[in-house]
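I begin with the model itself.

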Amino acid sequence: MKHGYVRPATHDEVLKVSGHFELGDIFTATELNDLLVQARLRVIGVFRHAKHTVRRRPTRAERTFDQASSRKPPPRTRLIDTDNYITGVEGKPSELAYFIQRNLRNHFITRETLCRFPDLEWALEVNENLAGQFMAKVEYKIIEAQINFMIQGGWVDDKEKRAGEIWFDQGHGGIWQIQQSVVEEHLKQRAAAREATSTKRDDRSFHGRPRKQVVDRGIPPSTSVSHAKGSTVL
């Protein structure tokens, strides 16, 4: 496909965007599992960075402006971090999925993603707006599926039922909560991944010499202390 080429979408392709489809119809079990893992990371991330709006006292300048104005002053608010809970979302998994998708920092279904799946390459050839709707719909359905997995409990044995990882708490004004252990495990995995990719390689044979020694003794800057000609180890 040439870059920038747009062809008319077929009737079946339009139906894929506007109609109903199952994720199993376009992804294999392995592909879908990989995408669900990415969705899980995004869900936990949105819980971690969730904000809550609270009232605040107006500043002196705002009070002066309000006193001079004939209109009713607007409420002064500010955003604060929550304790890993989400407010202002109805207690339906579908509503939480929409909220998660709207608050993603990085989407995991993109045009680059479609290139990995031959059955979805048609979305790279049609109108960009139509392709965007399709990608958003696929991403939403994956997020919703992952949320349902995290809500559902499981049987530890025949008698004890394990609680879900996220749940809607009606007793606190209606908030979505997540188990603290899930967030802590997520942070540990992120820290381990960051350490694995940023560990400095300490190879003494490639250490350079101070600029003064380079200038005074004519030793190349990248020459190791142990390999420099005439060097003496004290």
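My entries follow, from the whole chain to its strands, a helix and a pocket.

**Entry 1, the model.** I note that this is a predicted model, in which local features need pLDDT of at least 70 and side-chain atom pairs count only at pLDDT 80 or more, while totals for chains, interfaces and linings use all residues. Residues are numbered from 1 along each chain as its sequence is written, and side-chain values use heavy atoms, with hydrogens and water left out.

I looked up the secondary structure and found eight helices and seven strands, taken as DSSP runs (helices H or I, at least four residues; strands E, at least two) numbered from the N terminus. Of the 234 residues, 31% are buried, a word I use for under 20% relative accessible area with a 1.4 Å probe, protein chains only. I also looked at contacts (heavy atoms within 4.5 Å), and among those with a separation of 6 or more, 63% are between residues 24 or more positions apart.

**Entry 3, strand β7.** I asked myself which strands are joined to β7 by bridges. Three bridges join β3 to β7 and four join β6 to β7, and I count two strands as paired if DSSP finds at least two bridges between them. Both pairs run antiparallel. I traced T87 to its bridge partner I175, and I found F168 opposite W176. The strands β6 and β7 form a hairpin with five residues between them, and G173 in that turn has a positive phi of about 80°. Both faces of β7 are covered, with I175 and Q177 buried on one side and W176 and I178 buried on the other.

In α4, residues 93-102, I found L96, A97, F99, I100 and Q101 buried. Their cover includes α2, α6 (128-151), β3, β6 (166-169) and β7 (175-178).

I looked up the largest pocket and found about 570 Å³ of space in it, where the volume is the space filled by probe spheres set on the grid points, joined across faces, edges and corners. Of the 18 residues that line the largest pocket, R42, G45, V46, H49 and R105 are the closest to its centre. A pocket here is an open set of points on a 1 Å grid over the protein atoms alone, where a 1.4 Å probe fits, with protein on both sides within 12 Å along at least five of seven lines, and lining residues have an atom within 4 Å of a point. Helix α2 gives the largest share of the lining, five residues.

Terms used
Buried < 20%, exposed > 50% of the residue type's maximum accessible area, 1.4 Å probe, protein only.
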